[in-house]
2 protein chains.
Amino acid sequence: MRRLIVGIDIGGTKSAAVLADMSGEIIKRVSEPTRPSERDSAAVLKRLVEMAREVMEAGNAARDEVMGVGISCGGPLDSKTGVVYSPPNLPGWEATPVKQIVEDALCLPVRVENDANATALAEWRFGAGQGARNVVFLTMGTGIGGGLILDGRLYRGTNDLAGEIGHQTILMSGPLCGCGKRGCLEALASGPAIARLARDSMMYGRHKRVLAIAGGKPADITAAHVVQAAKEGDPFAVQVLEEAATYMGVGIANLIQILNPERVIIGTIAVHAGELVLGPIRRAVEEYAWERSRSVCEIVPAALGDRAQDLAAIALWLEE
Amino acid sequence: MRRLIVGIDIGGTKSAAVLADMSGEIIKRVSEPTRPSERDSAAVLKRLVEMAREVMEAGNAARDEVMGVGISCGGPLDSKTGVVYSPPNLPGWEATPVKQIVEDALCLPVRVENDANATALAEWRFGAGQGARNVVFLTMGTGIGGGLILDGRLYRGTNDLAGEIGHQTILMSGPLCGCGKRGCLEALASGPAIARLARDSMMYGRHKRVLAIAGGKPADITAAHVVQAAKEGDPFAVQVLEEAATYMGVGIANLIQILNPERVIIGTIAVHAGELVLGPIRRAVEEYAWERSRSVCEIVPAALGDRAQDLAAIALWLEE
């Protein structure tokens, strides 16, 4: 008898259901755009349940072969009850009992986890975290989130809010963050922060290549444009990335001092930009973390790429 | 049959051996000054072994009643092998196999832990951390150290360096820390940092009460003098404490964002100064941590006082 897992990834723009085995091999997969604009969690969940049934049927999965369903979703949420509280990317999901709804519909046990934690588990089991016991996983995209694997287990914190790495304070009087606080790492080193830094420098006239890539409109500049210009060797773009990455390095140095991990895994922009971002991060870590702590800690890019979302939902059933 | 524990606390100025039961009740205790000036770890350990034998004899402890020996000691050290690497307060202890030496001498199993971790365990079992599952313990004295209880277990990190809370960066271009880095929390909020801040403000002539308490010599000003003057209502002293405590609050807010604890316990100066320090800490936490995270987290002074050192060594045998 096979041992299978159904994974459901509820993203802001795209949702997917997969059928996989315990090794993370994806047997069947369906995916379609999420329509959060409908603001109707019941309809979205009904469709996800159908998608889950589709992959189970397509994969000829007998009910007793499926150990359970893993759902990766934006937080805040309660991983014990499986209630999801209005994630920024799913407006209108006020206290939705996702676990209960899907369990009732599929008659299978369901685990719900926020996407940063789920992706941390996936990178740990299948990606850049393999073999390590203490892993810090960070996203570096629209936001800076994170997940902590400590002593070989996911650490969730008291009410599922551990790992909010992007909202540590790096500059006490720094720029306002989307969260309402000042000087958060996310306000200094996320994709939007990189884009803003590039745009704000326009008045100094040092942004020509970035602006050209962005199609000539300053308001359209994104972090992706900055990364592209930096890869072409544009000194201004390189400098913008270096500044953001230095803040990122300070934040990572703090994590190294506090958590003494053996691996720090950075996703998204660090993967796309490679050494243009990882280099300044490592130099800042050298300055702001102890040799004795950083010498046992590797700083590496995330390894799973496009597979991360699928494997995140699967990984919830591999824990322990 | 009783179940007893021998605890040994190796301090920089004072060492103690205690015999206790599983409830933390101290049955016998001997204590004497440490003489690290001898720089002879063998002699110090020989004397500690004698002290351990003394408390066992005085308490009529049969060998099979004693579960083990707990040793609390300054780090860095390796808790697995029990080797201690030259702690700042025990100069000359280069790679001393403390666990092995004491095990061989007493024929009892020995656990060695750094004092911050051991005290965190003690506060969790017997003090201000009772009943909580996720606890951050911080000292606020000569240094700012810490210990982390996460998911109901001591979290040590990859090479026993987790919880170096005092060496997170609060001000990237801040004052030089004793550790060699810049802008560490310890350089901004420890006892010596408070004393330095008071001394450095002398040129503005706003230090009279503190200076009087210190006996008129600026170089003699300590954090204890600042706390005393603040308790008397001296506005300058109150302001110095408030500045240090604000940095402390930012550091604690970072811990709350990263670890989502349910209790933060602060020792030493926070205990002596009470609300003069805890008040500004709580205000900074309110500014720099999310409501959702801080609402589940109590910030409290340490509860064990003078009993902390004895119970720290005992607590090593109560884990799990």
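**Exercise 1. Determine how H8(B) and H10(B) are arranged relative to each other.**

Solution. Helices here are DSSP runs of H or I with at least four residues, strands are runs of E with at least two, and both are numbered from the N terminus. The model is a predicted one, in which local features need pLDDT of at least 70 and side-chain atom pairs count only at pLDDT 80 or more, whereas totals for chains, interfaces and linings use all residues. Residues are numbered from 1 along each chain as its sequence is written, while chains are lettered from A and ligands numbered from 1 in the order in which they are written.

Step 1: helix H8 (residues 235-259) and helix H10 (residues 275-288) of chain B pack at about 45 degrees, and their axes are 7 Å apart. Axes are lines fitted to C-alpha atoms, for helices over the stretch in contact, and angles run from 0 to 180 degrees between N-to-C directions.

Step 2: H8(B) and H10(B) are therefore oblique to each other (under 35 degrees counts as roughly parallel, over 145 as roughly antiparallel, 65 to 115 as roughly perpendicular, the rest as oblique).

Step 3: the contact of H8(B) with H10(B) comprises 15 nonpolar, two polar and two charged residues. Ala, Val, Leu, Ile, Met, Phe, Trp, Tyr, Cys and Pro count as nonpolar, Asp, Glu, Lys and Arg as charged, and the others, Gly among them, as polar.

**Exercise 2. Describe the packing of H3(A) and H12(A).**

Solution. Step 1: the angle between H3(A) and helix H12 (residues 308-315) of chain A is about 90 degrees, with 7 Å between their axes. Step 2: that makes H3(A) roughly perpendicular to H12(A). Step 3: among the residues that meet are A:Leu121 and A:Phe126 in H3(A) and A:Leu311 in H12(A). Step 4: by class, this contact of H3(A) with H12(A) has nine nonpolar, one polar and two charged residues.

**Exercise 3. State the strand order of the five-stranded open sheet in chain A and identify its edges.**

Solution. Step 1: the order is S3-S2-S1-S4-S8 (chain A), and the pairing is mixed (two strands pair if DSSP finds at least two bridges between them). Step 2: strand S3 (26-33) and strand S8 (110-114) of chain A each have a single partner strand, so one side of each lacks a neighbour in the sheet. Step 3: from one strand to the next, the twist averages 15 degrees. Step 4: seven bridges join S1 (residues 4-10) and S2 (residues 14-21) of chain A in the antiparallel sense, and A:Val6 stands opposite A:Leu19 in S2(A). Step 5: H12(A) lies across S1, S2, S3 and S4 of chain A, at about 125 degrees to S1(A).

**Exercise 4. Characterise the contact between domain 1 and domain 2 of chain A.**

Solution. Step 1: chain A is divided into domain 1 (4-124 + 307-315) and domain 2 (130-303), with bounds from an automatic or database domain assignment. Step 2: 14 residues of domain 1 are in contact with 15 of domain 2 (C-beta atoms, placed from the backbone, within 7 Å). Step 3: H3(A) gives the most to the domain 1 side, with seven residues.

Key: Contact = placed C-beta atoms within 7 Å. Left-handed = near helix turned anticlockwise from the far one by under 90°.
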